[in-house]
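Here is a brief report on a predicted model.

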Amino acid sequence: MSDMTVQAGAGRDAVPAPDPSPRDDRVRRGARRGESARRGRGGFGAPGPGELVLRYALLLVVLAITVLPFLWQLSTSLKGPMEDVFSRTPSFVPSQPTLDNYAKVAETIPVWTYALNSLFVAVIVVGGNAIGATLAGFALARLEFRGAKLLLVLFLSTLVLPGEVTIISQFLTIRSMGLADTLVGVALPGAIGMLNVLLMRTAFQAIPKEMDEAAVIDGATPWQRLIHIGLPNVRGMLSVITIFAFIAAWDDFLWPLIVLNDPSKFTLTVGLQYLNGTFTANPRLIAAGTMISFLPIVILFASLQRYFFRGVEEGAIKG
Amino acid sequence: MTVPVLPAQGALRRRLTPWLLVAPAALWLLVFNVWPSLNTLVLAFTNAKPLSGGHFTGLANFERMLDDSQLVDALLNSIVFMLVCLPVLVLLPLLLAVLVEKKIPGITFFRTAFYTPVVASAVVVALIWSWLLSDRGLINGLAQALGVLQGPLPFLTDRWLLVFSAITLTVWKGLGYYMIIYLSALGNVRRELHEAAAVDGAGPVRRFWSVTVPGVRNTMLLISVLVSVSALRVFSELYVLSNGTGGPGGRAMSLVMLIQLYSRGFYGHFGYASALSLLLFVITIGPMLLLARLNRKAS
């Protein structure tokens, strides 16, 4: 669903419209109040045992719906050739778990090369956004210069433009640069996401003015203000946009599908669809391929989720 | 900023630095956003093809749209897609957000798990569901074992079943995404209102409708727009579920699938693809303008 542009990265969809008013404190306080005292039965204290049981029961139902399809795929990828994957009495636990399918899928398509290709694109996109969006966000939020208003309006107006609308012209631009059918061509358009610039601007704006007024009087240059006052105060937003830039680049499909022709240059998503198209016979191999694409991203997200959820509470997402 | 330090040199640097900082982003804005937008507008009136520059053809591409039966199918699919996704993805994620709002032990695990389908790529999700929904897959298998079905349902080879399968996985993948947006909004619903309602004897269901829902009204509007726009932009789900074919006779295609189809190879026609892109822009801008108008009314 996520990414206003489809092009590699930017994470545009991943985080919706920026919140124009910095209101970190309000959100955080609100959330904390909510935690301790919302929705108790009768009184507003801790949930009663009945309510707790009901809550956990519902949570487990939703958990099953969200997680079982992934587990089924994982289980399929671990089943050996002798085990019936089509059985009408499905078994979630492989009788003789094996990693053979992961080796075999690499014989069918160069899946590890594809993974490296995806990683290459994602690294460019993350680096570009971390630097480009931070610098521009800071300038737009804290410095005065001619044309700043016009730039801001242009940045904002890109938000109503779905990436698919310009994808054909985007491809022509990349092609005229001689970057058609290259991984750099896949990475480039998303290397600075317009939404990320706006999100970083919002984060820099939330820093109290007094903090750098003193620095200005002391003669600090904009660079010094950015490094010593700006950056330490926007780490939350910066981690949110980089996490999403990585995820969006890794997950992107339509844009690399249009840019790339040569099967040796495919990214994982394009390569997996290619595998699906040429090799429908063995679901175990496709399952192994999907897990190679899915596991890194889920491990990355699980290990960084506290930064993400903190970012959410700090108002990275419009409420 | 009004305090001059190191007069001459400092002033010049001070005037240049902001531009230096925004330069990369401004370059990207012009090269990858502004220019392609203008170019799309121009190309839509040409017959440019992958291997030829093409020339001005007036309204020919738009006339071609009028009797393109594949386009009619695609628009119909999009409308059905949007009408089904809209109520489901506006309401279910809100219920889910209310469920995970209270910080009971283990809630972070549940929140993260519910968000997992969002971070998985649409291709991965669609491949997982192709396997689940295939003729010999888990869902058909279980349904037959339980006697619900006599034979397998052709989820991936029938036009409307394909569309509904794509809707199902869009909903499944979108739940966690919209849940998080609601969760962030719920923090702003005033606790006193819940307390007052409870004192007046309102039960949880009543409080949900008369306190929570009005409290997140603006978020609901925002999510309605996000859901509508992304339903109109659907691509990967339908593409992968139908293995790139768009279903029998290509009748389960979406508008973006058509744009991709004309982007390359045998069918390549940048002019027509750009005209379709303009159409996509026109239909996605509708919900956004509606939101802007409703927001202005509210404030």
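## Chain B

Chain B has 13 helices and zero strands. Helices are DSSP runs of H or I with at least four residues, strands are runs of E with at least two, and both are numbered from the N terminus. Along the sequence the pattern reads α-α-α-α-α-α-α-α-α-α-α-α-α.

Chain B holds 299 residues, and 56% of them count as buried. Buried means under 20% relative accessible area, exposed means over 50%, and partly exposed lies in between (1.4 Å probe, protein chains only). The chain exposes about 13,000 Å², with 69% supplied by carbon and sulfur atoms. Accessible areas come from the Shrake-Rupley method with a 1.4 Å probe; for residues, only the protein chains shown count as cover. Among contacts in chain B with a separation of 6 or more, 69% join residues 24 or more positions apart. Contact means heavy atoms within 4.5 Å.

## Chain A

Chain A has 14 helices and zero strands. Of its 319 residues, 58% are buried. Its accessible surface comes to about 12,800 Å², and carbon and sulfur atoms account for 65% of that. Residues 24 or more positions apart make up 74% of the chain A contacts with a separation of 6 or more.

## Asn77(B)

Asn77(B) sits in helix H3 of chain B, residues 69-101. Asn77(B) is buried, with a relative accessible area of 1%.

The Asn77(B) side chain makes a polar contact with the side chain of Arg159(B) at 3.0 Å. A polar contact is a pair of N or O atoms within 3.5 Å; within protein, one must be able to donate a hydrogen and the other to accept it, and residues adjacent in sequence count only if both atoms are side-chain atoms. Leaving out residues up to four places away in sequence, Asn77(B) touches Arg159(B), Trp160(B), Val163(B), Arg251(B), Ala252(B) and Met253(B).

## Where H3(B) meets chain A

H3(B) also pairs with helix H2 of chain A, residues 49-77: the axes come within 10 Å and cross at roughly 130°. Axes are lines fitted to C-alpha atoms, for helices over the stretch in contact, and angles run from 0 to 180 degrees between N-to-C directions. H2(A) and H3(B) are therefore oblique to each other. Angles under 35 degrees count as roughly parallel, over 145 as roughly antiparallel, 65 to 115 as roughly perpendicular, and the rest as oblique.

Arg55(A), Leu58(A), Leu59(A) and Val62(A) of H2(A) meet Leu96(B), Val98(B), Leu99(B) and Val100(B) of H3(B).

## Conventions

Residues are numbered from 1 along each chain as its sequence is written, chains are lettered from A and ligands numbered from 1 in the order in which they are written, and side-chain values use heavy atoms, leaving out hydrogens and water. In this predicted model, local features need pLDDT of at least 70 and side-chain atom pairs count only at pLDDT 80 or more, while totals for chains, interfaces and linings use all residues.
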